[in-house]
Amino acid sequence: MDLFAKCYEPSLADEVREKNIYPYFHALESRQDTEVIMEGKRRIMLGSNNYLGLTTNPDVIAAGVKAFQEFGSGCSGSRFLNGTLAMHLELEAELARFLRKDAVVTFSTGFQSNLGIISAVVGRTDYIVMDRENHASLYDGCRLSYGKMLRYKHNDMADLEKKLREVPETAGCLIVTDGVFSMAGDIANLPEICRLAREYGARVMVDDAHGLGVIGEGGRGTASYFGLEDQVDIYMGTFSKSLASLGGYMAGPARVVDYVRHSSRPFIFSASITPASCASALAALRILEAHPELPETLQARALYMRARLNERHIRMRESNGERIPIVPIYTYDPIPTLTIAKELYDRGVYVNSSLPPAAAPHECLLRTSLMVTHTEAQIDEAVEILADVLHEHGIA
């Protein structure tokens, strides 16, 4: 059989291209901002993870430009060998202080961070117990680790405890959860997760890619939000969202972080974060530290949009994260979802479509997300367009 045969089989991508509702790879022609030029037309951007709006901040841009000029375009090597700049160490030290953890190690991408952390700390005889709605990178990290993976129903603590009972007392166990779930925008039940971890002798890892800069004291994330910073063993996060750059990190006990530095193949065998990306993330972190009111303003934007959607009788996915700037709107089935997303795009609003396997069958969503820099006028305009299109399709 030809290896490439699968590439020529009919696919959903073929079907939606034929229907002219293909949603991917739209080309940006401007900076990532609340409004963008995409394929020649103004669009209100409701599909970005640029939560604090710092991709266009002059200080962040200036830091990246300066680093590019001083250190060149790349490090041309792994952090393990020739690719460590003093600035990498500076970023790690400042982030560790901000997160109130002993140490931080940075990775070249967020996806790589989860691969690198889990595959290093979980061995063949260990267990990973994880939320079914965790990010894909966490699933791939589990596969790379060779540990045994058990999944519990989303935010279902009874099912989590049931899975923990299946773990042999002789095995190491890591409970892994998103802090803020990227599709639904809800928040993990971290108090109960930490309680169960203590009871069953497990460690806890939180993927806080969508929590940093969004919730917690001064934007410190999900553990801070619940006052559980001393009970979460490992934080993972990214620089590509609130910190307006590219890369990822692990924060945790110094000895564990050092173990990952010397054991993680995705870390050891990947080139380090570029100088410009490192400097931009460091500048963004300093802005967040200097302006702890930014997450509160962002949460106010989320409350405002939810109120406006409620006024227009738009059904959102139920969530315990009403202040989270991820606002998922039900569109139910894949083809109607993509049709609606295309009509919104044509009318000047960019949103993301959430289809299986990211969403359950018949529970497809439009994933909208906000930035602190969105104005109420922009939200009002976008909500009116959303309501008009959804109601035209009989969705409310």
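Predicted model: local features only at pLDDT ≥ 70, side-chain atom pairs only at ≥ 80, totals over all residues.

Reader: Where does S76 lie, and what is the phi of S76?

Author: In general, most residues other than glycine have a negative phi, and most peptide bonds are trans. S76 has a positive phi of about 55 degrees, although it is not a glycine. Its place is the loop between α2 (58–71) and α3 (86–99).

Reader: Which loop holds H313, and is H313 buried or exposed?

Author: H313 belongs to the loop between α12 (294–311) and β10 (326–332). With a relative accessible area of 58%, H313 is exposed. Its phi is near 60 degrees, again a positive value in a residue other than glycine.

Reader: Is the peptide bond from P356 to P357 cis or trans?

Author: That bond is cis, with omega near 10 degrees. P357 is located in the loop between β12 (352–354) and β13 (364–369).

Reader: How many disulfides does the structure hold?

Author: A disulfide is a covalent bond between the sulfur atoms of two cysteines. The structure holds zero disulfides. For C75, the nearest cysteine sulfur is that of C278, 8.0 Å away. C75 counts as buried, at 13% relative accessibility, and C364 is buried as well, with a relative accessible area of 0%.

Reader: Which residues touch the most other members of the largest nonpolar core?

Author: In soluble globular proteins, nonpolar side chains tend to be buried together. Here the largest nonpolar core has 65 residues, and L160 and I193 touch the most other members. Helix α11 (residues 275–290) gives this core its largest share, nine residues. Beyond its neighbours within four places in sequence, L160 is in contact with V129, Y152, I175, I193 and L196. Another core, of 25 residues, lies apart from the largest one and includes A341, L370, L386 and I395.

Reader: How many salt bridges does the structure hold?

Author: Side chains of opposite charge can pair when their charged atoms come close. The structure holds 24 salt bridges. In one of them, E161 meets R165 at 3.5 Å, N to O. These two residues are separated by about one helical turn, because they are four residues apart in helix α6 (residues 157–165). E161 is buried, with a relative accessible area of 17%, whereas R165 is exposed at 57%.

Reader: Why does the pair of R308 and E384 tie together parts that are apart in sequence?

Author: R308 forms a salt bridge with E384, and their closest N and O atoms are 3.1 Å apart. R308 lies in helix α12 and E384 in helix α14 (residues 376–392), so the bridge ties together parts that are 76 residues apart in sequence. R308 is buried, with a relative accessible area of 13%, while E384 is partly exposed at 31%.

Reader: With which residue does R347 form a salt bridge?

Author: R347 pairs with E392, the closest N and O atoms being 3.6 Å apart. This pair also links distant parts of the chain: R347 is in the loop between α13 (334–346) and β11 (349–350), and E392 is in helix α14, 45 residues apart. Salt bridges that share partners join R308, E311, R312, R347, D380, E384, D388 and E392 into one network.

Technical notes. Residues numbered from 1 in each chain as written. Heavy atoms only, no water. Buried < 20%, exposed > 50% of the residue type's maximum accessible area, 1.4 Å probe, protein only. Disulfide = S-S within 2.5 Å. Core = buried A, V, L, I, M, F, W, Y, C linked by side-chain atoms within 4.5 Å. Contact = heavy atoms within 4.5 Å. Salt bridge = Lys/Arg side-chain N within 4 Å of Asp/Glu carboxyl O.
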